[in-house]
Structure formats: structure tokens, C-alpha cells
Amino acid sequence: MGQPIVSRSPVHIGRVVAAEQLTPRMRRVTVGSEAMVGVAVKPAQDIELHLVEPGGRRVKRRYTIRYARPDAGELDLDVALHGAGAGAEWGAGARSGDEIRFQGPRGKLELRHASWHVLCGDESALPAIAAITEALPADEQAVAVIEVHDLQEQLPVRADVRWVHRGEHPPGTPDLLLPEAEKVRVPYDWAQYYLLGETRSMVALRALFEGRGALHDTIFVKGYWNIGRPDRIAGRTPR
């Protein structure tokens, strides 16, 4: 009996089209590829870049697509500039004309109709949270709890946002997000939840909302990074 066929998405080749600094710790890198012409992108989908670490080891890092322009084959990636490693170096140093290799777009998040949507996360999830809220129907309300370093790191989000400023508090813990999330008042069993950020912190938030009456299958959890592995805050989803 033959071996099962493993289906892998193709590797696309593209180039950096432009880059701009959004905040001191967030940079938007626009990439373009003929393979993306006509490709529809769903909210919070990402692409996986093929990068090389300073020592020469090949790695992959995933970045949420903030905006897509299928007519031009362009994708905007908002990259959080934290930690050290291939992802952080690429985000900080990407220049127009640089060649990239990537796979995707992909992602399992599906928007479901609900009267309320609750979104929580840190700066690694800020592009996804913004994209999700912009995709919601006008008659569906959204409340977001987002942890960032300080006021300068805030970006527009189409929701009732409760910003949490971390300051010198270490990132990656639920210490600051949980108390603010506890203040959220929605009909818990009628809402949809999107918890995106440091893996263990998002699991703690799931427990909080389930304890308040949220139904298990209404909660989408995605770990973008793990504490102790700071380069993952740039957008990679742990395997």
C-alpha cells in the first residue's frame, strides 16, 4: 500500500512594494506577487514567509494580512517589532524591491453572526482584531480589550476598545488583560469571542469567559506566540 499523499500549499515568489512605520513598534510592509492577483482574502488570514536567520538556518514566520488588494496582487502586513531573530529583523529591515517567498493565504477563523463580538489580544493580534472588526456587519457590536506598550502603540480599531498600557510590565502574561476583560459586560451566551495573542494568556481568557457563561464553541483561540520565545510576537502561529 502506497504512502498517503501530503498536500502542501505552493510557495509563491514576490517582492516588497513599500514599507512605512505606523508606530514606534509596528511597521507596515506591503508585499506584491502575481500569484495574489484575484485572490480573495478573509479577515485575519495570514501568509507564511520563508526567512533565513543570521546563522543561516531557514525558518518560517506567519503574518496576518491587514489589507489585501486583489486587483494589484498586494498584501499589507503589519509587523510588530519585538524580540530578536529572523522575523524581527525582516520586519525592521524590509525595503522596496526585496524578494520574498511565502505560502498562503490561510487561516481557520470564520466570522459568525452575533449581536456582540468580543476580541482580546496583545499587539501581535492588533492587525487581526482591526481586520475582523472592519468586516463585521454594521448592526453587530464589537468590544475589544487590547494590550500594547503605551499610548503611541494604539492604532484605529472599529470597536469599543479598552486599551491596556503595559509600560514596563513584562509582556506575555494575563496579569493586565484579565482585570480589564472582567469588566466587559455583554450577553455572554449570545456573543462570539476571538482571543488572539500569547498562548497561555489566551487560554486564561477563555476560562474567564466560559466562567461567565460563554459557550465553548463560540470562542476562537489562536496563539500567536509563546512567552520565552519573543520572536514569535512578530506574528508566527506555533505549530
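**Aromatic pairs and the sheet**

Guide: The count comes to two aromatic pairs, where rings of Phe, Tyr and Trp (its six-membered ring) pair if their centres lie within 6.5 Å, and planes under 30 degrees apart count as stacked, over 60 as edge-to-face and the rest as tilted. This is a predicted model, in which local features need pLDDT of at least 70 and side-chain atom pairs count only at pLDDT 80 or more, while totals for chains, interfaces and linings use all residues. Residues are numbered from 1 along each chain as its sequence is written, and side-chain values use heavy atoms, with hydrogens and water left out.

Visitor: How is the pair of Tyr63 and Trp90 arranged?

Guide: Tyr63 and Trp90 are tilted, at 5.7 Å centre to centre with 40° between the planes. Tyr63 belongs to strand β4 (residues 58-69) and Trp90 to helix α1 (residues 86-93), so the pair ties together parts that are 27 residues apart in sequence. Helices (H or I, at least four residues) and strands (E, at least two) are DSSP runs, numbered from the N terminus.

Visitor: Is Tyr63 buried or exposed?

Guide: Tyr63 is buried, with a relative accessible area of 1%. Buried means under 20% relative accessible area, exposed over 50%, and partly exposed in between (1.4 Å probe, protein chains only). Trp90 also counts as buried, at 12%.

Visitor: And what about the rings of Tyr193 and Phe209?

Guide: Their centres are 5.0 Å apart and their planes are at 40°, so Tyr193 and Phe209 form a tilted pair. Tyr193 is in strand β10 and Phe209 in helix α4, 16 residues apart. Tyr193 counts as buried at 0% relative accessibility, and Phe209 does so at 1%.

Visitor: Changing topic, in which order do the five strands of the open sheet run?

Guide: The order is β9-β8-β7-β10-β11, with parallel pairing; two strands pair if DSSP finds at least two bridges between them. At the edges stand β9 and β11 (219-225), each with a single partner strand, so one side of each has no neighbour in the sheet.

Visitor: How many bridges join β7 and β10?

Guide: Strand β7 (residues 116-122) and strand β10 (residues 191-198) pair over six bridges. Val118 has Tyr193 as its bridge partner in β10.

Visitor: Finally, where does Thr173 lie?

Guide: Thr173 is in the loop between β9 (160-165) and α3 (177-181). At 17% relative accessibility, Thr173 counts as buried.
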